[in-house]
Amino acid sequence: MAYKFVDNYREQGARKRLVVHLESRGIADKKVLKAIGKVPRHFFFDETFWNQAYKDIAFPIGDGQTISQPYTVAYQSELLHIKKGDKVLEIGTGSGYQTCILMELGANVYTIERQESIYRHTIRVLPGMGYNAHFFFGDGSKGIADHAPYDKIIVTAGAPFVPEILLKQLKVGGILVIPVGDEHSQKMVTVIRVSETDYERIELDTFRFVPLVGDQAW
């Protein structure tokens, strides 16, 4: 892919229009909107497709994966209620766009990707953009226990159930956001760890994600 890291008035104006669009769809968290307005989404696209970068659509990035729709990224980010310094586990690095949004919100991000080609690409691109997350290659459905517990966990692929192993990696008071359902559609689920043994589960809107693949998933 051709990455020139050029961000001119045209792209900045397109991001402003995207932020207005997301507000019209119900995204209200000003910090999330500010992050969306700052991260240059076109950097994740081949230059040939820059005209697609600020449309509110998902877009293929190879290996059966997509860069998530901006609305979906904003929606999940809003549900996490990120505070500066939060230790956040991201399951499914993918393009790295969601990773950048989390870091703009002040999160200390641990992110894991199972597709080696995508992982190797992302660990080159994100640092070049100034985003230095903690990158891991492996089965994200099992989390990253060595660095647990986490304040927040976000899963960016559709799961058949909420993996128990991820719940155990949450701090008490922590939030897990995960799409749960079949391979065709999922309900966005928020799980709050209210004590060492108790969790509160809230089901929200319907989405369609690529499947979460791994030992604790499909």
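Start with P149, which sits in the loop between strand 5 and strand 6 (150-155); helices (H or I, at least four residues) and strands (E, at least two) are DSSP runs, numbered from the N terminus. The peptide bond leading from A148 into P149 is cis, with omega near 5 degrees. Now jump to H81, in the loop between helix 3 and strand 3. H81 isn't a glycine, yet its phi is positive, at about 50 degrees. For context, most residues other than glycine have a negative phi, and most peptide bonds are trans.

Before moving on: this is a predicted model, where local features need pLDDT of at least 70 and side-chain atom pairs count only at pLDDT 80 or more, while totals for chains, interfaces and linings use all residues. Residues are numbered from 1 along each chain as its sequence is written, and side-chain values use heavy atoms, with hydrogens and water left out.

Show the strands as cartoon and you'll see an open sheet of 7 strands, ordered 5-4-3-6-7-8-9 with mixed pairing (two strands pair if DSSP finds at least two bridges between them). Strand 5 (134-137) and strand 9 (199-207) are the edges; each has a single partner strand, so one side of each has no neighbour in the sheet. From one strand to the next, the twist averages 15 degrees.

Zoom in on strand 4 and strand 5, paired in the parallel sense over 4 bridges. Select E113 and you'll find F137 of strand 5 opposite.

**Stop three: a salt bridge**

Next, pick K38 and E104: their side chains meet in a salt bridge at 3.6 Å, N to O (that is, a side-chain nitrogen of Lys or Arg within 4 Å of a carboxyl oxygen of Asp or Glu). K38 belongs to helix 2 (residues 30-38) and E104 to helix 4, so the pair ties together parts 66 residues apart in sequence. The structure holds 11 salt bridges.

Conventions. Axes fitted to C-alpha atoms, helices over the stretch in contact; angles between N-to-C directions.
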